[in-house]
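Please keep the sequence and the structure in view while reading the points below.

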Amino acid sequence: MKYAVKHDDRLDCLAQGVKYFTDSLSISAQEQINLRKREEWNDILEQFLDDPQGSANHLVLGMDVNQRQQARTKTSNKEAPNWV
């Protein structure tokens, strides 16, 4: 062609290389959403088995994973009162 870009093959090759690396380095947003949901579900189950009352309280308060973990570390050091 008369008005074609000179060295157009180099641009195509560069574009293909860039696309390859962006595709290989990208992480699907849906995969991250599924991973977070799975982590949250596992955390809820683990906490429910360890401390059902605390788990119910945290769910009612609408805490996320980080807030529940912080609340557990603050209350885990306290011992239950021994009245006997």
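Read along the sequence, the protein chain follows the pattern α-α-α-α. The model is predicted, and its chain holds four helices and zero strands. The points below cover confidence, surface, salt bridges and aromatic rings.

**Confidence**
- The average pLDDT of the protein chain is 81, and 79% of the residues score at least 70.
- Among the elements of the chain, helix H3 (residues 52–61) has the highest mean pLDDT, 90.
- The lowest mean pLDDT among these elements, 82, belongs to helix H1 (residues 8–25).

**Surface and burial**
- The chain has 84 residues, of which 12% are buried.
- Its accessible surface amounts to about 8000 Å², and carbon and sulfur atoms account for 58% of that area.

- Arginine 68 counts as buried because its relative accessibility is 1%, under the cut-off of 20%. Glutamate 40, in contrast, is partly exposed, with a relative accessible area of 30%.
- Arginine 68 also meets the side chain of aspartate 43 in a salt bridge of 3.1 Å, N to O. Here aspartate 43 in helix H2 and arginine 68 in helix H4 are 25 residues apart.
- Aspartate 43 has a relative accessible area of 8% and is therefore buried.
- A further salt bridge, 2.6 Å from N to O, connects the side chains of aspartate 43 and arginine 72. Aspartate 43 lies in helix H2 and arginine 72 in helix H4, so this pair ties together parts of the chain that are 29 residues apart in sequence.
- Both aspartate 43 and arginine 72 are buried.
- Through shared partners, the salt bridges join Glu40, Asp43, Arg68 and Arg72 into one network.

**Aromatic rings**
- The count of aromatic pairs comes to one. The pair is formed by tyrosine 20 and phenylalanine 21 and is edge-to-face, with 5.2 Å centre to centre and 75° between the planes.

Terms used: Residues are numbered from 1 along each chain as its sequence is written. This is a predicted model: local features need pLDDT of at least 70, side-chain atom pairs count only at pLDDT 80 or more; totals for chains, interfaces and linings use all residues. Side-chain values use heavy atoms; hydrogens and water are left out. Rings of Phe, Tyr and Trp (its six-membered ring) pair if their centres lie within 6.5 Å; planes under 30 degrees apart count as stacked, over 60 as edge-to-face and the rest as tilted. Helices (H or I, at least four residues) and strands (E, at least two) are DSSP runs, numbered from the N terminus. Buried means under 20% relative accessible area, exposed over 50%, partly exposed in between (1.4 Å probe, protein chains only). Accessible areas come from the Shrake-Rupley method with a 1.4 Å probe; for residues, only the protein chains shown count as cover. pLDDT is the predictor's confidence in each residue, from 0 to 100. A salt bridge is a side-chain nitrogen of Lys or Arg within 4 Å of a carboxyl oxygen of Asp or Glu.
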